[in-house]
Amino acid sequence: MGQTTQRSDMATGLGILLGLVVVIAAIATGVAAYSSAVADNGDTMQLLSGLTMAVAMIAACVAIVALHVYE
């Protein structure tokens, strides 16, 4: 007798939500980096660019984990 398992909708929902967070954070990274290059004193924008890059990387890692956990 074979067993069937159904994939949880949670994996799809979390994957899409965290993927959206990654895309927004990546766009924010680009905007902050561009603003840092254009501004006279862009130290704050460089810091913001690094923080948004960290958010994008962490959200991507959590999205992958969520896909595997709820698979």
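## Contacts and overall make-up

Among contacts in the protein between residues at least 6 apart in sequence, 71% link residues at least 24 apart; a contact means heavy atoms within 4.5 Å. This is a predicted model, in which local features need pLDDT of at least 70 and side-chain atom pairs count only at pLDDT 80 or more, while totals for chains, interfaces and linings use all residues. Residues are numbered from 1 along each chain as its sequence is written, and side-chain values use heavy atoms, with hydrogens and water left out.

The protein has two helices and zero strands. Both kinds of element are DSSP runs numbered from the N terminus: helices are H or I with at least four residues, and strands are E with at least two. Buried residues account for 18% of the 71 residues. Here, buried means under 20% relative accessible area, exposed means over 50%, and partly exposed lies in between (1.4 Å probe, protein chains only).

Let's look along α1. This helix has 30 residues and reaches 44 Å from its first C-alpha to its last, close to the 44 Å expected at 1.5 Å a residue. The expected span is 1.5 Å times one less than the number of residues.

Which residues of α1 are buried? They are A11, L18, A25, T29, A32 and S36. The buried residues of α1 pack against α2.

S36 lies in helix α1, which covers residues 9-38. Why does S36 count as buried? It does so because its relative accessibility is 12%. Leaving aside residues up to four places away in sequence, S36 touches G42, M45 and Q46.

Y34 also lies in helix α1, but Y34 is exposed, with a relative accessible area of 60%. The C-alpha atoms of Y34 and M45 are separated by 8.7 Å, and the two residues are 11 residues apart along the chain.

## The surface

The protein has an accessible surface of about 5400 Å², and 69% of it belongs to carbon and sulfur atoms. Accessible areas come from the Shrake-Rupley method with a 1.4 Å probe; for residues, only the protein chains shown count as cover.

Y70 is partly exposed, because its relative accessible area is 35%.
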